Amino acid sequence: MIIPLHMSQSFLIDNPRARVALPSLAALFALFVLSGCDGSSGSSDSSLTAGPGADDQPIAEAPAFNTASGFVVVREPGPRLPVEATVEYTDADFDAGLPAIVLQVPDGFDTTTNLPPNFDNLQNVSVMAGELVEVVYRPVDPEGELPGMFPEELLQGSSFDDNFDGTKTFRWRPLQMDVGINAFTVTALDPANDSYRASQTIFIKVELPDDPSTIPNVAPMLDEFRPHTVRVNDPVVIELKGIDLNGDTPILEIPDLPVGGSFNQHPRFAEIYVLKFVPTTTGTLTIDVVARDSIDSALTAEESISISVLAASAFTTTGQPLRALAEVRDLRIGFAALQSFYHRPDGAIYADIAEREFNFVTPENSMKMDQINPEPGRFQFAATDNLVSFAQSADMTVHGHPIIWYRQLPNWIEQAPLTQVEQHMSEYISRLMSRYKDDVTVWDVINEPLADNGSLRDSIWHKAMGESYIDKAFAQARAVAPDAQLLINEFDISMEGPKATALFALIDRMQANDIPLDGIGFQMHFFTSFDQFTELEANFAKVAERDLDIYITELDVSLAQGATLAQQASVYERVVSLCLAQPRCKAIQTWGLTDQYSFRSIFDPLLFNRSYQAKPAYTAVQGVLADTTQ
Ligand code: XIL
């Protein structure tokens, strides 16, 4: 379960690419038709899992819960989807004793002359909910120095206190919510090289006492609310979540509801309440919230949340919007849409800027398999349906992402017998694509098939079918959506290297076998230090030579330490120029809209900052698109 991680070997070595004889496209196609996977939705008797049924169809959501205007928002039906048990550790793990230490070893470091740090006298502990656990950590360096240490993550309500004698004490009073096996990990740093590290996990088993009333009832808390910027006169929704470590559901109250506002408990999640109101004046708005214990109403927590309300003029840009400029250049320009942006406080300005600037959109997360099909026979389409409705209202085309990927998979598929994975894949492709085939014009059929060393990535799909999973997925995708553009989407293919080499070999092999591939998605999660533009241009040319289209699918430029917004703008500018210079480059999409919600938010990588102001990168992209001499 715990694998020693050596930095020099931080990726798993995949199996060398299997060289198997592959059936022709026609044979694959016949196979799908024969096996009934013709793109129709619903389940048939021969399906391994049930297809979407009436109880999976989204229902209308009341406007009090979202900021949407111009498109209809639906939500998942009925009560909360039963979440798959996410038991990470079991009694068997606990009983197996203290887990092995996990080492991180810097490249070239000699571990024979310098032994790794370790911890003295640790063991797993067992405790009743409500009791205090104390564990003293004494790091030891075999070479006799004193190692530093830090906890990987604190358990809720715990502390890791310095005893000022080289030791630290972990203190925790677990409550009802913590019953089960919990893990706490501390990493020690070797005094000679702080990249040489040893991480030790201990398991803490928490059980319910015979008399649970002995457990102290603690005050509830409010989940953290981060600052947001909104536009005056836009609707604002604020989802507030109460937490009670005793496992009860707190009651939330707003003593001074903003004029005209509403405050309702969420229809599916009892611990969430939604405030909706329209701020009519600019400035910083502060709203007090009370979380009240549902057992003892005298136990409360009070918090103030604040949002910054700016005038409409603060969000305007000069010059033509990107989509108007891109249309003239016969280019699509798009972004990855934050899942359920219409449930965020700033959902209205988010939607407005997106509609103004972009004509192409990818769902950032809602189309991933763990979202769409979290349990066998259960489907969640609401978030993607809403994205499609938004795209239609904003006259954008939708880029489906991803169909088959090795990450963000539901547990059930990861645990499925390998002999069944091929049929699960086929059922999934059929159900997902048939629902959206009239709405989606471009699909990332296979996402990230290659490992860093250029071998095929060791996914469940590859384990079950070898390289043929790629061909099978593409053949089926073409059968379901004959007019859609079908892509492989990959990262680290913008420069020379084993991945680019492997990509071109894969394309050549697919084309020799008549596999219906239409284009390549270049992800481009760059840093400002990226400068391999000549290699990027050459790789674009190699894709074009193979008669394929190029899509820049996930562009963002993270600010490296000390880098300037001007440097960021310059990387954006050069990427857009190279796309414009290459006739097969059809689209540029940034991976997100605003730094506020970027998956690399700490590096502020996007065109709009956290308060939706256009950055120099925006102006640079606008400038290149407008310059028709390029
Ligand atoms: C990312 C999303 O942006 C995150 O919100 C999510 O937690 C993880 O996935 N390559 C891809 C995208 O193909 O799907 C990934 O999106 C980013 C990397």
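## A buried loop residue and a buried strand residue

Thr528 is situated in the loop that connects β27 (525-527) with α12 (533-545); helices (H or I, at least four residues) and strands (E, at least two) are DSSP runs numbered from the N terminus. The model is predicted: local features need pLDDT of at least 70 and side-chain atom pairs count only at pLDDT 80 or more, whereas totals for chains, interfaces and linings use all residues. Residues are numbered from 1 along each chain as its sequence is written, and side-chain values use heavy atoms, with hydrogens and water left out.

Thr528 counts as buried because its relative accessibility is 11%; buried means under 20% relative accessible area, exposed over 50%, and partly exposed in between (1.4 Å probe, protein chains only). The side chain of Thr528 reaches the backbone nitrogen of Ala560 at 3.0 Å. This is a polar contact, that is, a pair of N or O atoms within 3.5 Å; within protein, one must be able to donate a hydrogen and the other to accept it, and residues adjacent in sequence count only if both atoms are side-chain atoms.

Strand β27 contains His525, which is buried with a relative accessible area of 18%. The C-alpha atoms of His525 and Gly242 are 35 Å apart, and 283 residues separate the two along the chain.

## Overall fold

The chain has 14 helices and 29 strands. Of its 630 residues, 51% count as buried. Its C-alpha atoms fill a box of roughly 70 × 70 × 60 Å along the principal axes.

## Ligand site

Thirteen residues surround the ligand, the closest being Glu364, Asn365, Lys368, His401 and Glu554; a residue is near a molecule if one of its heavy atoms lies within 4 Å of it. The shell divides into three nonpolar, six polar and four charged residues. Here Ala, Val, Leu, Ile, Met, Phe, Trp, Tyr, Cys and Pro count as nonpolar, Asp, Glu, Lys and Arg as charged, and the others, Gly among them, as polar.

An oxygen atom of the ligand lies 2.7 Å from a side-chain N or O atom of Lys368. For Gln408 the corresponding distance is 3.1 Å, and for a polar side-chain atom of Asn447 it is 2.9 Å. The protein covers 82% of the 420 Å² of accessible area that the ligand has on its own, as computed by the Shrake-Rupley method with a 1.4 Å probe; for residues, only the protein chains shown count as cover.

## Backbone features

The peptide bond from His401 to Pro402 is cis, with omega near -25 degrees. Pro402 belongs to the loop between β23 (397-400) and α7 (411-414).

Asp330, in the loop between α3 (322-328) and β21 (332-337), has a positive phi near 60 degrees and is exposed at 66% relative accessible area. Asp514, in the loop between α11 (498-512) and β26 (519-522), likewise has phi near 60 degrees and is exposed at 53%.
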